[in-house]
Amino acid sequence: MLIGCLRRRIAGLFAWRPGRLARGALAMTVGMGLRTLAQAGVFLIVARVLGIEAYGAYAAVLALAGGLGSFAGLGVSMLMLRDTARDANAFAAAWGRTLAALVFTAPVLWLAYGLIAWVALPGGIPWAVVAWIGVAELIFAPIALVSIHAYQGHERIGRAARLVMAPVLPRLAAALLFIPLALLLAPGVRLQAWAALYVLAAASAAAYAMWLVRRDLGVDFRPIWADLGRSMREGWAFAVGGSALKLYADIDKTLLARLSTLEAAGAYSVAYRVADMASLPLNSLLAAAVPRVFRAGEQGVHHAGRYALRLLPLPLAYTAAIGGVLYFIAGWLPWVLGQSFAPAVEALRWLAWLPLISLPRLFMQTTLIGGDRQGLLAAVLGVGAALNILLNLWAIPRWGWQGAVGATYVAEMIMSGILILSISRLKHLC
């Protein structure tokens, strides 16, 4: 009996073939992996050429622009993804409304960005840098993102993986061009030059994404204004949740630049970027699984949760292992980036466990999104972002980047606790 059972198990292993989710996760992992390698190349070049203070200024501006960029379109593209995953015939109209939402929100976001930058950023950062990075993150980056959502909705993860690469390859080319250009420029203007190259790269990525969507999915660039108000009222929770999450992840860099030093912002930003890149396989799996979670969520949040929980064991093991790896390789940073980045060694050791700490929140937010509970999720993420900002305002003047790390961990654990309580009140998952 035991031998027969063992034989069947072994035969089953040899007969196993990857399903669509596994292939999608693999495709997204490859795409994000290549993107991460390209991002690593950009990161190494830009950090080395700019130095720790100028890199800290760049990270602070990018964090602010990226946080506001999450409001572009007010979450209508996530409705497009959801509706397309459930009914492919809904795509054409949803795509048109997504374009209309981007057009509608762009001027408002640009005005808000300028006002917040004037108040929040250090006075020494040139306004040309603020303007160019703002155009890249508020205008061009959302176009690439909604194109990825279009392919995800059709569960064409291979194409989505290609578009994941679209923004970073032009950026890598710009970084390679930045090396000889920087030799001709005074150190004081290198940051402005990189900002100009950054926006050109973002524009080329957006143009490629729109061309690919039109060719593959047969839609044009005509905005559809009908029912836009209803879509924005329904989608705003996705936008608030996405922006809250972006602000939660990045606002500490802006606050470090303002409340501490650009050197501290640079060290922390480098360490955070390395920890974030280590989360690649987890993000790939969740990106590939989103359409299926949406379909499971048609029957309620508990069905979405059960599907998400089936995916949890492997990411749990991975994030635990990668924390140890990050802790031990942290000492290599000055050798790779230069001795000016020596403060980033300790910062990375502090942040090594961020992928593991954030894992429960990532899975529970995927569950709520799939179960059409984006309003609840937005509220929780908003609380987390606000708490993180308040903790950073208190901790950074006292402890610098160490205070920012502590604020991140505390906010992450509180958000996870609130999400657990919220989901348990909706319905038991198991």
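The model is predicted. A search of the whole structure returned 14 aromatic pairs.

One of the pairs is formed by W350 and W401, whose ring centres are 5.4 Å apart. Their planes meet at 80°, so the pair is edge-to-face, the cut-off for this class being over 60 degrees. With a relative accessibility of 36%, W350 is partly exposed. W401, in contrast, has a relative accessible area of 9% and is therefore buried, as buried means under 20%.

A further edge-to-face pair is made by W394 and W399, with 5.2 Å from centre to centre and 75° between the planes. Both residues are partly exposed: the relative accessible area is 45% for W394 and 46% for W399.

Aromatic residues also gather in a group. F43, Y55, Y58, F178, W194, Y198 and F341 make up one aromatic cluster.

Charged side chains were found over the faces of tyrosine rings. K253 is placed over the face of Y272, at 3.7 Å from the ring centre. R349 is positioned over the face of Y327, and here the distance from the ring centre is 5.6 Å.

Note on methods
Residues are numbered from 1 along each chain as its sequence is written. This is a predicted model: local features need pLDDT of at least 70, side-chain atom pairs count only at pLDDT 80 or more; totals for chains, interfaces and linings use all residues. Side-chain values use heavy atoms; hydrogens and water are left out. Rings of Phe, Tyr and Trp (its six-membered ring) pair if their centres lie within 6.5 Å; planes under 30 degrees apart count as stacked, over 60 as edge-to-face and the rest as tilted. Buried means under 20% relative accessible area, exposed over 50%, partly exposed in between (1.4 Å probe, protein chains only). A charge sits over a ring if NZ of Lys or CZ of Arg is within 6 Å of the ring centre and within 35 degrees of the ring normal.
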